[in-house]
Amino acid sequence: MDTKRAFDLAVLAGQKRLSPRTGFVHLHPHDETTDTIPIYENFCYALALFRQRTKESVLSAIELVEKLLPFQSADGNFPVYLHEYPKCHDYHMGLKAGAILTYILRLFSNVLGELKPKWEKALEKALTFQTEKPLWMNRVRAIRGLPLLPYVPQTAAEWIEHLINGQLSGQTEFQMPYDPSLHLFPLTGQQEKGEPRPHPIEWILSEGNYTSRLSKDHPHQLLCAPLFPFQCIPTHIPEHNLRLFWQGLTLHSLVGQGLIFDLKENGEDDVVLYCDRSPETQIWVDGKKATTFQFGNTITIQTPQKTIELRFKLTEGSGDFCGHIFPANRPSQIAKGFEAYDWHIGMRTLRRSPTARIEIEILQDE
């Protein structure tokens, strides 16, 4: 597997965000009102430069790390953003940076010269942080060359840290949820406008064969820097949520909290699904355009590539309910502003018995 293109993307993403004024990578280099300098992304950019192995890139990487190290706090941690120093809101930022320093010291110590003891001291200082969380205990163990504790990541963010821990320990094979046909890490979680937000694992496992979603410039490409070749054994993690994805001009999705909703007394009253509001997406109710529906109606989500039919059913309890279809962003949408990138498909409770159950039937046609 060739991941060279992935860390080249990290270099390009860093170069596009590098400020000639400060010499740091900025998350929003063209917006002074929200401009921030992230510590970890700058460490990643430095490692990506080291991995290019040119004289110019290595000298630039050394200069950048030298500018970052003075922002290490007395307890070995780093701030999330440079302007927050000496406050450190992420207790594990030192261990995140520690992985970068470890790779540099393991792979490029021959070019550090008299700086090597100083960087080793910074790493050792980061490792003094006390944590009881297994994920981060494994970071310390991986850096020190100790066996890892058993651990199963639960979120997209944990998966990348778990992968770094394993690779620091010499692992080359990982079981993880991944859909090679869609180049999708399905636990990515966040939605960015009309598609799932890209995850660093997707760039690595795509082996340079990027979809349109992964071909675009993105700050998450910086996070590819500490990732190396590995063999993925795709696996399914049982979950209660509904997550359907399919490829069209964009990566379409239909998501929700599940297919069975038990409405309890003084509990949630509404049942909601979200579908991306793509120009390709058409929604029908019993074959007609509509913005409302009732139990038993067939809601059809249609794109050129796939047709999905939904039926809401009241299987327990009683009451008055009304289905609505309107533009509204899913809770995981990170794009700011007033534009709606999703269709909200939901059954709203007007009045009901103390308890009720709503089930959703789904039929798919490729």
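**Reading the model**

A: Start with the largest pocket: helix H1 (4-17), helix H2 (39-52), helix H4 (93-108), helix H6 (134-144), helix H7 (156-168) and strand E3 (195-196) each supply at least two residues of its lining. Helices (H or I, at least four residues) and strands (E, at least two) are DSSP runs, numbered from the N terminus. This is a predicted model, in which local features need pLDDT of at least 70 and side-chain atom pairs count only at pLDDT 80 or more, while totals for chains, interfaces and linings use all residues. Residues are numbered from 1 along each chain as its sequence is written, and side-chain values use heavy atoms, with hydrogens and water left out.

Q: Which helix gives the most to the lining of the largest pocket?

A: A pocket is found on a 1 Å grid over the protein atoms alone, as an open set of points where a 1.4 Å probe fits, with protein on both sides within 12 Å along at least five of seven lines; lining residues have an atom within 4 Å of a point. Here H7 gives the most, with 6 residues. The lining has 45 residues, and Gln-190, Arg-197, His-218, Pro-219 and His-220 lie nearest the centre of the pocket.

Q: Is His-183 buried or exposed?

A: Buried means under 20% relative accessible area, exposed over 50%, and partly exposed in between (1.4 Å probe, protein chains only). His-183 has 12% relative accessibility, so this residue counts as buried. His-183 sits in the loop between strand E1 (173-176) and strand E2 (191-192).

Q: With which side chain does His-183 make a polar contact?

A: A polar contact is a pair of N or O atoms within 3.5 Å; within protein, one must be able to donate a hydrogen and the other to accept it, and residues adjacent in sequence count only if both atoms are side-chain atoms. The partner is the side chain of Ser-206, at 3.0 Å.

Q: Which residues of the largest nonpolar core touch the most other members?

A: A nonpolar core is a set of buried Ala, Val, Leu, Ile, Met, Phe, Trp, Tyr and Cys residues joined through side-chain atoms within 4.5 Å. Of its 75 residues, Phe-43, Phe-50, Trp-119 and Met-176 touch the most other members. A second, separate core of 24 residues includes Leu-254, Leu-263, Ile-308 and Ala-356.

Q: In what order do the strands of the open sheet of 6 strands lie?

A: Strands of a sheet pair through backbone hydrogen bonds, either parallel or antiparallel. Two strands pair if DSSP finds at least two bridges between them. The order here is E5-E6-E8-E14-E13-E10, with antiparallel pairing. Strand E5 (242-247) and strand E10 (292-293) are the edge strands, and each pairs on one side only. Inspect E8 (residues 271-276) and E14 (residues 342-352), which pair over 6 bridges; Asp-276 stands opposite Asp-342 in E14.

Q: Which two residues does a cis peptide bond join?

A: Tyr-85 and Pro-86, with omega about 10°. Pro-86 lies in the loop between helix H3 (55-68) and H4.
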